[in-house]
Amino acid sequence: MKPFEPLARKRDGQPVRFLIVDDSVFARKSITKMVETFGGQVAGEAGDGLTAITEYGRTNPDIVLMDITMPQMEGIEAVERIVQEHPDARVVMVSSVGYQENILAALQKGARHFVQKPVKPEVLYEILRYVLNEEPATAPVGASEGRTP
Amino acid sequence: MKMDLIQPFIGSLDTVLAEMMKAPVTIADVTMEEEGYRRKGLAAVVGFKGQIEGRIILDMEPSAAAKIAEYMAGGEVDPAESIVPETVCELANMVIGNAVTQLNDRGFQFRVFPPALLTEDQCARIGSDSEATILSFDTPVGVVHLNISMRYHSRRSGERQPVAVG
């Protein structure tokens with residue numbers, strides 16, 4: 001894997017803190033390893049949407065990497081609830097199921113971007129750079145109508 | 001079973017494994033199975049419901065799973081480690097998720113459920129009530145099997161109800 005220029009927070013130059021949400025322990029480990037090569041730090045992990053909501057409140061991460069298909073509560077519902085409580089939350093969906101209906105639903109609930117598994121590090125890196133450089137109130141195209149004020 | 005429903009799974013397994021291992025994958029065998037499914041090694045099942053209903057089992061020898069875990073984890077993995085069955089589930093998730101994406105974008109509407117590891121007892125129960133197509137693939141780490149059993153319901157376009165996997 002080629003070296004990546006470390007990602008840093010715009011406001012203070014500190015490493016970007018991630019919350020990684022996936023029901024697969026293996027996927028969480030794999031994504032953790034990837035974000036660490038980007039200079040990021042893992043602030044927390046969750047194996048389902050419900051735990052993700054709790055962990056978001058506890059860790060206040062800069063970015064959430066969220067799977068869609070999970071037990072108890074799926075990723076799209078978790079995004080909606082996190083963004084309702086934290087309108088500036090930056091959530092990137094990471095899922096093997098990437099059909100248009102799912103992507104649109106996630107964006108409408110407040111997700112900032114979508115990455116399909118298997119994740120290519122260079123693709124995830126570019127998306128993270130893009131999402132980190134967005135203004136907090138900026139939503140992706142097509143995301144505004146589903147947002148809760 | 002309609003071949004145009006199976007084709008995305010063949011393409012997806014080829015794409016996902018080739019992407020991870022940087023090597024080609026070829027179909028070694030295609031068979032039909034009507035009785036209880038006999039697990040070849042470590043197996044994970046993904047169920048789906050909607051216009052297309054059924055389940056797919058991804059199955060491989062533990063040594064092959066360990067090798068794939070090494071590719072995915074980027075380091076040496078012991079076949080006895082708990083990460084190996086996790087790898088089979090995640091691989092099933094990726095292969096089936098990518099195929100489902102293609103089918104959904106072609107207009108088939110259905111819901112997918114999280115992957116689950118299969119025990120031998122579950123295998124026997126799963127296969128006993130439906131015909132399945134088994135695709136065996138030669139990969140650089142050994143043979144990987146996809147056991148596909150699904151039905152197409154043309155009148156269920158709006159149905160999106162969840163069911164338990166397995």
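1. Helices α2(B) and α3(B) are roughly perpendicular to each other, a label for angles of 65 to 115 degrees. In this predicted model, the axes of α2 (residues 62–73) and α3 (residues 83–105) of chain B cross at roughly 75 degrees and come within 9 Å. Axes are lines fitted to C-alpha atoms over the stretch in contact, with angles from 0 to 180 degrees between N-to-C directions. Helices are DSSP runs (H or I, at least four residues) numbered from the N terminus.

2. The α2(B) side of this contact (heavy atoms within 4.5 Å) includes Pro62(B), Ile68(B) and Met72(B). Among the α3(B) partners are Val84(B), Glu90(B) and Met94(B).

3. Now the interface. Chain A gives 22 residues to the contact and chain B gives 25 residues. The area buried between chain A and chain B is about 1900 Å², with 53% from carbon and sulfur atoms. Buried area is the accessible area (1.4 Å probe) lost on putting two parts together, summed over both. Phe26(A), Tyr99(A) and Pro118(A) supply 36% of what chain A buries against chain B, more than any other three residues.

4. Three salt bridges link chain A and chain B; the rule is a Lys or Arg side-chain nitrogen within 4 Å of an Asp or Glu carboxyl oxygen. Arg111(B) pairs with Glu74(A) in a salt bridge, the closest N and O atoms being 3.3 Å apart.

5. Residues are numbered from 1 along each chain as written, and chains are lettered from A and ligands numbered from 1 in written order. Local features need pLDDT of at least 70, side-chain atom pairs count only at pLDDT 80 or more, totals for chains, interfaces and linings use all residues, and side-chain values use heavy atoms, without hydrogens and water.

Notes: Helix = DSSP H or I, 4+ residues; strand = E, 2+ residues; numbered from the N terminus. Parallel < 35°, antiparallel > 145°, perpendicular 65-115°, else oblique.
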